[in-house]
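Student: Could we go through how the labels in this structure are assigned?
Tutor: Gladly, let's have a look together.

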Amino acid sequence: TLRKPISQSSMADWASKNLNMHTQGIFRRRISVSNMLSWNGGSIKKPMLITSNRTIKKEACEMFKLVQSYMGDRQTRMDRNHVALVTVTKCWSMQGLRDELYIQLIRQTTDNTCYRSLAWGWELIAISLAFFSPSPKFQSYLEGYIYRHLDSDENIAQRIKELVDLKNKKNSKSRKKRKQNTEDEGLPISTYAKYCYRKLQKVAVTGGKKGLRKPTVEEITHARNAIVTPSLFGSSLEEIMLRQQDMYPGNKLPWVQTQLSQQVLALGGEQTEGIFRIPGDIDEVNALKLQVDQWRIPSSLSDPNIPASLLKLWYRELEEPVIPQQFYAECISNYENPDAAVAVVQLLPELNRLVLCYLIHFLQIFAQPSNVGRTKMDVNNLAMVMAPNCLRCQSDDPRIIFENTRKEMSFLRMLIVHLDTSFIKGLV
């Protein structure tokens, strides 16, 4: 369900307060806000947003050229993957450039008369959201902009036609200056907007790419492909099962869930101290995530904490938690009642029930006394680290969150101790 974003007037008010108003001509007349936020074929001599940081001031102007290069509006010798990599790396490394990039992309995708350029601008927004979020101050503005394009394909086509007709009236030679393309070249803009809207909600919470390793070309390609091909991470269980239908048609469980779980055990995870509590190296986890999203498990893995961390991430990033939201209250109410807790599991949709039972069966292996002696992760510790990945409290009240955290842990503990998961053995 999409939240209603800030109003058009609030967006205009934000722009008037935060835009670094540009000037033009020998009398240095100030450009209007609407012109500041409309496609520009030339270069810019100062940032779009107000800043006192000298490095940002310089980098912003260079970045605008990169944006134009990616969108095909400026000639460059670099291929588009490399242009995206340079752009994303600048912003990933320098937090102050992130909002500047997003406002530049908003500008270049507004009143743009070339459909291909427009689509590539939206594509770069989508790629960027895979690596970093806008600042909290700018998020609502970007959200409002994306929201207004969720069902805008007819309006965009009409707007391009109006702008082209207007230019042709003013200058009959204008068609030679820039290729006017109103034909669809690729995806509808609404497809990009819907993807970006969902991606923005997630990245605002997760914070984007973590670790010390800079973005790679492989990650750029993966981020672009995710627009059309849903990732195995951050999607719904139904989407994941649909995506694996061609490769593993007989599987009852998500391939990513079973493979990562088996990897943890194959690498001796049930004998590893602090398993699920001690995080794996974040850069190695990111690298494994990239491989898994291409249906590959590398044979070079040696640390069980790497697949264990990625498995937790997979559960945590599911679009809807393993235990859907409508069952949350019932779980919290029955956190001390074994029979009632087990009964909740039987009420879940079939796919969710199987995925949850597989997880509980997996955790029951670690809860065996012979393994607890090595891992130092008893049933309470297992419930503590895994409960937040299965249940999500929707309240904003810190007191309720704190109180419910204890109940979530207790509920999961009940399942690990009392749920019969023997039927899961051998199921894939």
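**Labels and their cut-offs**

Tutor: Cys357 has a relative accessible area of 1% and is buried. This is a predicted model, where local features need pLDDT of at least 70, side-chain atom pairs count only at pLDDT 80 or more, and totals for chains, interfaces and linings use all residues. Residues are numbered from 1 along each chain as its sequence is written, and side-chain values use heavy atoms, leaving out hydrogens and water.

Student: Why is Cys357 called buried?

Tutor: Buried means under 20% relative accessible area, exposed over 50%, and partly exposed in between, with a 1.4 Å probe and protein chains only. Cys357 is at 1%, so it counts as buried.

Student: How do you know that Cys357 is in no disulfide?

Tutor: A disulfide is a pair of cysteine sulfur atoms within 2.5 Å. For Cys357 the nearest cysteine sulfur belongs to Cys390, 11 Å away.

Student: What makes Cys331 buried?

Tutor: Its relative accessibility is 0%, so Cys331 gets that label.

Student: Why is Asn381 called partly exposed?

Tutor: Asn381 has 23% relative accessibility, and therefore counts as partly exposed. This residue lies in helix α20, residues 379-390; helices (H or I, at least four residues) and strands (E, at least two) are DSSP runs, numbered from the N terminus.

Student: And what makes Gln263 buried?

Tutor: Its relative accessible area is 18%, so Gln263 is classed as buried. Gln263 sits in helix α13, residues 255-266. Setting aside neighbours within four places in sequence, Gln263 is in contact (heavy atoms within 4.5 Å) with Ile297, Leu301 and Pro307.
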